[in-house]
Amino acid sequence: MTATLPPEVQAVFARFITTEFTTVDRRGQPITWPLTPYYRPGGPCIDVTTGLGYPKKADDARANWRVSLLFSDPTGSGIAEAPQVLVQGTADVDDRDLDANRERYRRELAEKLPVAGGDLPPRAFDRWLSWYLTRVYIHVRPERIYAWKDGDVTAEPQLFDAHIEEVRSGHVEEPEEQHDAAGGAVVWDERMQELGARYRDAVISLVAPDGFPFSVRLPVELDRRARRVRIGGAPVGVPWQPGRACLTAHDHPPAFKWQRNFQVRGDLIEEDDGSWSLIPHKLVGGLELPPGSRIAQTRLNMKKIRRYRKTAKRELAKRAAR
């Protein structure tokens with residue numbers, strides 16, 4: 001499908017440093033994290049990858065093959081007035097040759113992110129970084145693509161669809177699924193103070209009626225009194241509905257010398273005035289390398305690294321027993 005796309009859309013896939021990758025877990029909760037996309041113009045798939053020490057993204061994609069990739073942050077891509085592009089696709093989880101995956105990751109990281117690739121230690125230290133360098137790839141084959149010119153989601157998106165009959169009929173042919181709210185207590189984490197301040201916009205992900213995740217970047221503002229996140233509008237002409245949602249905030253410099261990210265999971269609701277809000281139920285911090293020295297970054301993540309090492313060891317044992 002990608003070979004027939006306009007050059008400007010293929011350029012987004014190839015040149016963006018990050019994409020917001022969304023899976024849907026067994027409870028129907030969309031989960032979105034920023035990942036580095038790997039794509040060759042005209043290729044059948046867009047690839048992302050995760051470390052063996054934190055395989056949940058891959059596990060969720062294996063259990064539910066419907067995933068999405070949102071390209072909404074052009075930082076470092078060199079593309080002026082880039083479109084915002086959403087890919088809904090099917091996932092193939094590739095852990096068939098972990099040694100080959102590790103070599104591929106080292107090679108492609110150095111090509112796409114020279115600064116980050118240059119910071120990797122010599123191969124003699126690979127065993128200590130096995131939890132990170134041993135990679136599981138996820139090949140995403142596009143099924144439906146939305147493209148908003150100049151990133152303007154208030155306008156109708158251009159649709160590129162592998163299911164031509166859906167484009168002609170003007171609606172989705174797959175059966176609709178019911179998506180319940182998460183419910184539960186409101187969780188108010190101090191890091192949420194960054195929403196509307198450091199992060200003027202964020203990625204909102206939900207599950208569309210056909211079961212595919214749907215993501216879009218929108219302005220956000222914190223409503224401390226009501227203890228919810230106000231969403232600045234809603235995209236036009238797309239499947240937008242109340243239910244479980246994930247709000248993801250992240251940033252990085254053009255050279256990707258550092259990166260920060262976190263997500264808020266909760267319920268997307270429509271207010272009485274027709275606006276939209278997220279009621280937060282859980283804040284989750286990712287593997288971050290904020291501005292600062294490598295020593296400081298390592299100290300910040302030490303607890304996570306210990307956990308990731310244990311997980312990677314368990315994952316390797318599981319595969320050896322197959």
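Thr-23 is buried, at 2% relative accessibility. Buried means under 20% relative accessible area, exposed means over 50%, and partly exposed lies in between (1.4 Å probe, protein chains only). This is a predicted model, where local features need pLDDT of at least 70, side-chain atom pairs count only at pLDDT 80 or more, and totals for chains, interfaces and linings use all residues. Residues are numbered from 1 along each chain as its sequence is written, and side-chain values use heavy atoms, with hydrogens and water left out.

Thr-23 sits in strand β1 (residues 19-24). Strands (E, at least two residues) and helices (H or I, at least four) are DSSP runs, numbered from the N terminus. Leaving aside residues up to four places away in sequence, Thr-23 touches Gln-29, Pro-30, Ile-31, Lys-57, Asp-60, Ala-61 and Val-67. Contact here means heavy atoms within 4.5 Å.

Pro-242 lies in the loop between β10 (228-231) and β11 (243-251). Its contacts are Leu-268 and Trp-276, again not counting residues up to four places away in sequence. From Pro-242 to Thr-154 is 88 residues in sequence and 19 Å in space, C-alpha to C-alpha.

Arg-309 belongs to helix α7 (residues 294-320). Together with Lys-303, Arg-306 and Lys-310, Arg-309 forms a positive surface patch. Patch residues have over 30% relative accessible area and no salt bridge; like charges are joined within 9 Å, nonpolar side chains (Val, Leu, Ile, Met, Phe, Trp, Tyr) within 5 Å. A salt bridge puts a side-chain nitrogen of Lys or Arg within 4 Å of a carboxyl oxygen of Asp or Glu.

| Residue | Relative accessible area | Class |
|---|---|---|
| Thr-23 | 2% | buried |
| Arg-309 | 40% | partly exposed |
| Pro-242 | 45% | partly exposed |

Conventions:
Areas by Shrake-Rupley, 256 points an atom, 1.4 Å probe, with all protein chains shown as cover. Lys, Arg positive; Asp, Glu negative; His and termini not counted. Charge placed at Lys NZ, Arg CZ, Asp CG, Glu CD.
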